[in-house]
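Let's take a walk through this structure, one meeting point at a time. Have a look at the chains first, then read on.

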Amino acid sequence: MISDVAAQTVVNVLMLSSIYILVALGFALLLTVLGILNFAHAAIYMVGGYICYQLAVVVGINQWASLLISMIAVGLLGLFLERVFFRPFLKDMNRIVVVTLALIIILQATINVTVGSYIRRIPSFVPGVLRFSGVSVSGDRLATFVIGGVLLLAVILFIRKTKTGLQMLAISQDSDGAALQGIKTHRIFAVTTAIGCALAAVAGSLMGAILSLSPFMGDIMLVKAIEIVILAGIGSIGGVLIGGLILGALDATLPLFISGSATDLTGLCIIIILLLIRPQGLFGREV
Amino acid sequence: MFLETKELTKNFGGLAAVFQLEMSVREGEIVGLIGPNGAGKTTVFNLITGFLRPSGGRILFDGKDISGKKPHLIAKMGIGRTFQLAYLFPEFTVFENIVTSFNLYPKSSFWEALFKTPSYRRKELYILEQAKEILYLVGLEGVKNVLGRNLPHGYQKLLTMARALAIKPRILLLDEPIAGMSLEEINYAMSVIEKIRSQGVTILLVEHNMRIMTLCDRVIVINFGNKIAEGSMEEVRQNQEVMKAYFGREDAA
Amino acid sequence: MVAGEHAPSGGRNWIKTVAYAGLIILLFLLPLFVDSVYYLHTFIITLIYTIAACSLRTILISGQLSIAHAAFMGLGAYVSSIFARELNWTPWLTIPLGGVSAMVVGVLAGYPLTRVRAIYFSMVSLFVGLAIVALMGVFQKYTGGDIGLIGIPPLPSITIPGLPTINFLSSKIPYYYFFLLLTVFCLMILHSLENSRIGMSWKAIAQSYLVASSVGINEAGFRVLALAVGCFFAGIAGAGYAHYNMVLTRSSFGFLSSVNLLIYVLVGGTGSFFGPIIGTTVLVIVPEIFRWLKTFAPFVFGGIMLLVVFFMPQGIAGLFEQVKTKFLHFQERKKPRDVS
Amino acid sequence: MLLRVKDLSVYYGKAMALENVSLEVAQGAVVTIIGANGAGKSTILKVLSGLWPSTSGEVYFDNKKIEGMEPYEIVSLGLVHIPEGRRLFPYLNVLENLKLGASLRKDKEGIKQDLEGVFTHFPILRDRRKQKAGSLSGGEQMMLAIARGLMSKPRLLLMDEPTLGLAPVMVVELVSVIQAINKTGVSVLLVEQNVFLALQVAHRGYVLEVGKVILEGNIDQFRDSDLVKRAYLGE
């Protein structure tokens, strides 16, 4: 039995971390490449979940196909948002804050009006419980970890191995310097936003199958994304993976030892203390 | 010695920007600190004024050790400075820039400021008078209501000097005070520096433009964070080491 | 003329004073024309949030964009409620106590926060806010946790000899006057500070902390002072709210509430003292007008925000400023400049 | 004329940075703009490469009007800017930095050849190709910045204060590097405070003071000019 609990905890940590990282990675990419704090990122995660739900439950197509379509659709939504709402305000922090906050309100209201605020669930991607040599784990949770892992690997390979990825890194280090190399910065901004949003959509859809969907599910996730980026250090993409794992581990294991709201407080205190020691985060550059 | 550095050292990630620098300034002098680009002059300024913490060595001002103190405390001791780029408060007018810089004398308490007590008003009126004097001293009265960010470059440089005067400095550190000025502006700025000195303020300045060296009683030449020569402008000009550092060859251009 | 009061000449100041006095008198007479409980409630909420938003501005002008402000409101609210409820202290005492405790926590959090600037400050402040709200959950015994705190005493009635007793439970009108007076009082203090040497130092730090410290301004000290002042008034606003609403839940002081306050300030415009007042008024009252839209109502709120961002780069108050500058320049050209 | 700038003015708000600056760079020439800090030298280059908008005036490169173009369009024409302070990508390695210089190019073979060419020119970069750019010495960073610029296949190379922070020995080396680049047919517009370098390599020069051209002509005239001596060497 002990090993059962241990195994489930491990899977929970990995599952939660995958979801956190999928969302936080996009948030971090937008922060380092475009230089914007996209508060609406977690609302996009929520929209992704609902698109998947509508396709799988209301339209009734295969849920794997729904997941894929949701990912593409939200990627396109990202292109639209970048062009219309982000690009005009890239250099103006106050206005980008208001724009992205307005987007949260509008996206939440849109879902509320079209689908309603009742809690929804996406049917399981991998129903039932899987057994490995006496240990049983939920299929959906394992699937989430696998899908998350594969996507993250793909994104990291994309950034490290392709020309576009290299250009993303270059812009994140020095955007004017990058423009002088002939990099089409706006094209890279668009690609980055699309990738970030698509990742969030996958996370939203998976979350809809594991737990549930609500128009306000993004609120908590936004805080988590910011926590991870801060923990990792602004500018560090690799740090997001570690930061996500740490936060996932805290959130999945602390409730086993501490009850109620003390878990939140403990997690927050750990982060605040860490930031006081290293204001630039675990892997960040100098503040 | 009025201002003195002893074995002053600053490392940036293994590279020594300033290395065991020994230099000193006497009260009432104008001293020029010169050296090629990247020689560490601005780093020395930042160390003296507390914007950087030394990695080693000491800085003595009027006999007191000031190494590693916070910038605002060093300002309070009477060390004023300007910056290489014309740093100023862009959203304040010229006059507000100067008035804001009067923080130390006279000092008002929180409650005085909140209730605008008669003593607070008296102090503010006194500050306004003082600020006007500085305005006249540097010759900015014509643009006193112009926003900092709308000011032409030469005026911005003058304003940074005016602002540094507001702390009633005993020594003023000027970082490239005439860079980017036209010949007329340079002559004017130099006359202002003369006037400041005549009020009993000691001056240490960094400058590329050699014209300003006619003002200096003494120059100190540094390269790679170390002193390579010291003396009058004439003496330094004869120095082979200096010529090599500056022009990369033995004879002057 | 003292620091911060350079531009306006005597004549214009006089007009300004009359305009403010007129506006305040109008607000005092308001209950004569409005007797709907619902409208009065909306106005009271607007007043409370005006105090909170203006105190957030105080922190903002020192270059610190805080995302924790609602948490400090909550701190004031809970401290005041707990002392009034458990120890039977009078709210007249617990409300200032709420302000002071918010201030103390603001100062304690403030010193470490001065290690970080700009966007880093905003993000770390977010954690501070979350930690405060989490703390409220930990002390469930006193705060009621997620169920909420009920039975918070209202403001006690006031008896002034020769006048009828003012009973705060009789209608919304006494509360309206209480909050109007409180708002005027708080805003006068905040305005006075902003237009003093202290306010100028705050603004100087925001523009360039390097230059500011080179002229002897203690950056850390002034930033903590801004937090202290801002948090104190947030605590006062929160405490007042507690004794008006008489029920508290900690979720109303979380991340989204802090963000809401920030929206009020940013939409109103950061360039002038009146920005947060205008922003709060527009963003509380206009959506109330469109309440009948039900689930569509949030579009009004979001729509205002987008409208402001796209067409008013300096916020709503900035729009007024633009018009005013045009008008004043027109006047200035007509009359010779006075040399003062 | 390869580059022709006519009456260029730039204002930041109300503050003037450049006023009616006109200059020309002929095909194959090395031209220098000298002036003190804050004279507006960098501003000219930023306008040329599309980083800053001009307030008025015209810029023609190869008889094409280029102001208002995006930086990448300007790079694609062969106008390549090596900015002040080098602006390398410090967390990327040398090879990646060089590849980014060739961002707009599609000719894989050509890129490979040019990379080889760069490595022959600057053998030290081959040794350091897997090292992060931020960890290089000042001189090596300068070489990498020039090499990265060459990877864009420039016709005109804009260099902003390449001597900044270089040891005197490196400055002498830089002279031969610029001359070698020029021999391959690339024109150079060099912005400098270091009069020594400018006088060594340039054919033609302009002196900029507070946003205005106060002197222009052949470099021989400069050597004898009192104005240049006075401004930079003292009386």
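How far apart are the nearest C-alpha atoms of chain C and chain D? They are 17 Å apart, and these two chains do not touch. Chain A and chain B do not touch either, with 12 Å between their nearest C-alpha atoms. Touching here means contact, that is, heavy atoms within 4.5 Å.

A quick word on ground rules. This is a predicted model, in which local features need pLDDT of at least 70 and side-chain atom pairs count only at pLDDT 80 or more, while totals for chains, interfaces and linings use all residues. Residues are numbered from 1 along each chain as its sequence is written, chains are lettered from A and ligands numbered from 1 in the order in which they are written, and side-chain values use heavy atoms, with hydrogens and water left out.

Now for chains that do meet. Between chain C and chain A, 39 residues of chain C are in contact with 38 residues of chain A. The size of an interface is often given as the accessible area lost when the parts come together. Here the buried area (accessible area, taken with a 1.4 Å probe, that two parts lose on being put together, summed over both) is about 3600 Å², and carbon and sulfur atoms give 85% of that. On the chain C side, C:Tyr120, C:Met123 and C:Phe127 lose the most area to chain A, together 19% of what that side buries.

What about charges and polar groups there? The count of salt bridges (a side-chain nitrogen of Lys or Arg within 4 Å of a carboxyl oxygen of Asp or Glu) between chain C and chain A is 0. For polar contacts (N or O atoms within 3.5 Å; within protein, one must be able to donate a hydrogen and the other to accept it, and residues adjacent in sequence count only if both atoms are side-chain atoms), the count is 1 residue pair, both at pLDDT 80 or more. Helix α5(C) gives the most to this side of chain C, with 14 residues. By class, that side has 32 nonpolar, 5 polar and 2 charged residues, where Ala, Val, Leu, Ile, Met, Phe, Trp, Tyr, Cys and Pro count as nonpolar, Asp, Glu, Lys and Arg as charged, and the others, Gly among them, as polar.

Chain A also meets chain D, through 19 residues of chain A and 23 of chain D. About 1900 Å² is buried there, with 61% from carbon and sulfur atoms. A:Gln173, A:Leu180 and A:Gln181 lose the most area on the chain A side, together 37% of what it buries. The rule finds 2 salt bridges across this interface; A:Arg160 and D:Glu96 meet in a salt bridge through their side chains (3.0 Å, N to O).

Finally, look inside chain D. Strand β1(D) pairs with β2(D) over 7 bridges, and D:Arg4 stands opposite D:Glu24 in β2(D).

Key. Two strands pair if DSSP finds at least two bridges between them. Helices (H or I, at least four residues) and strands (E, at least two) are DSSP runs, numbered from the N terminus.
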